[in-house]
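Subject: Model for you, with notes on charges and surface patches

Hello,

Here is the structure I promised. Please open it alongside this note.

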Amino acid sequence: LFALQGVSSDCFDSNCEIDPAVVLTRPTWFLCQRILELAKLHLRLSIDAKDTASSCRMRQALCEALRKQLQGYYEVLAQLMSSEGLTLRHLWAQLLAPQSRLRFLSQLCEGSRGVFGCAIASMVWAFGASGDQVAQHLAKEILRSVVKPLWSMIRAWMTEGELQDPYGEFFVVADASVPLEDLWNRMYSLELEMVPSFISLELARKILLTGKSVNFIRLCCPGRSWSPS
C-alpha cells in the first residue's frame, strides 16, 4: 500500500520495483508485479499533475483535473489501509477499478504531450469517444475542468469584446498591426487549429462575429456607451 502511494519501503524502492533481496514465491511475485503496475501508473501521473509552471491555462486546468482524480485514488487506498484481514488477492481485486481509471488517465497524459491551448480540449473530447463507459465518464469529468478557461475566454470576447488570452490559446486572434479603420475586415480572424472539435466552424464564426461587433460598436462608434448587460 505504501508503494501504491509512491513511498519506498523495505520491500519496494522508490521506482516501484521489488527489492532483489526479498524472497517471494512465484505466484506472490507475479501478483506483486501486477499491483506494482498500478504504483508505476500513479508515479507517472503524480509527476504530470505537478506541471503547474506550464504557460497554458488549459494545461493548468488539465493538471488540476488530474490532481482531483488522484485524490479519489488516495481515498480508495486509505479505505484499504483501514481494512482488516486484507490479503494480496483481495487487495488486487479491490485495485482493478482504480487501475483501469489510472491507465486511462495515463493514456490521456501521453496523448496531451505537445498539445497546446484549445487543442487540449479537443484531445480530451476525442478520448471520450471511446466505447468504454469508464473512459467516457472520466473524459467528461476531465473535460468539465479543462474547458473552464475556454468558456471564460468566450464570455469575455462575446460580452466585452476582450481577448483575455495571454498565452495564445484561444481560437480568435487579433492582429495588432491593423489600423482601427480596418477593424471589421482585417483585425480579427479564426485560428482554425485552435477551434475545439466539439464547436462547429459555423458556431466559431458566430463567436468571432459577435465579439467583433462588440468591438466595432465600442471603438468605431464614438459617443456610444457600452454595457455588457
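Ground rules

This is a predicted model, so local features need pLDDT of at least 70 and side-chain atom pairs count only at pLDDT 80 or more, while totals for chains, interfaces and linings use all residues. Residues are numbered from 1 along each chain as its sequence is written, and side-chain values use heavy atoms, with hydrogens and water left out.

Salt bridges

Side chains of opposite charge can pair when their charged atoms come close. The search of the whole structure gives five salt bridges (a side-chain nitrogen of Lys or Arg within 4 Å of a carboxyl oxygen of Asp or Glu). Here are some of them.

Asp48 pairs with Arg113 at 3.3 Å, N to O. Asp48 is in helix H1 (residues 26–48), and Arg113 is in the loop between helix H3 (88–112) and helix H4 (118–127), so the pair ties together parts 65 residues apart in sequence. Helices are DSSP runs (H or I, at least four residues), numbered from the N terminus. Asp48 is buried, at 18% relative accessible area. Arg113 is partly exposed, at 46%. The cut-offs: buried is under 20% relative accessible area, exposed is over 50%, and partly exposed is in between (1.4 Å probe, protein chains only).

Glu64 and Arg67 form a salt bridge at 2.7 Å, N to O. Both sit in helix H2 (residues 57–81), three residues apart, which puts about one helical turn between them. Glu64 is partly exposed at 45%, and Arg67 is partly exposed at 31%.

Lys206 and Glu202 meet at 3.7 Å, N to O, in another salt bridge. They are four residues apart in helix H8, again about one helical turn. Lys206 is partly exposed at 48%. Glu202 is exposed at 54%. Elsewhere, salt bridges that share partners join Asp48, Glu110 and Arg113 into one network.

A buried lysine

What surrounds Lys212, leaving aside its neighbours within four places in sequence? Lys212 is in contact with Trp157, Leu183, Trp184 and Tyr188 (contact means heavy atoms within 4.5 Å). Lys212 belongs to helix H8. This lysine is buried but has no salt bridge. The nearest side chain of opposite charge is Asp182, 12 Å away. For charge, Lys and Arg count as positive and Asp and Glu as negative; His and the chain ends are not counted.

Surface patches

Patches are made of residues with over 30% relative accessible area and no salt bridge: like charges are joined within 9 Å, and nonpolar side chains (Val, Leu, Ile, Met, Phe, Trp, Tyr) within 5 Å. Accessible areas come from the Shrake-Rupley method with a 1.4 Å probe, and for residues only the protein chains shown count as cover.

The nonpolar patch holds Trp184, Leu209, Phe216 and Ile217, with about 330 Å² of accessible area together. Helix H8 (residues 201–220) supplies the largest share, three residues. Trp184 lies in helix H7 (residues 183–187). Trp184 is partly exposed, at 34%.

The positive patch gathers Lys68, Lys140, Arg144 and Lys148 on the surface. A charge is placed at NZ of Lys, CZ of Arg, CG of Asp or CD of Glu. Arg144 is in helix H5 (residues 133–146). Arg144 is exposed, at 52%.

Best wishes

Note on methods
Helix = DSSP H or I, 4+ residues; strand = E, 2+ residues; numbered from the N terminus.
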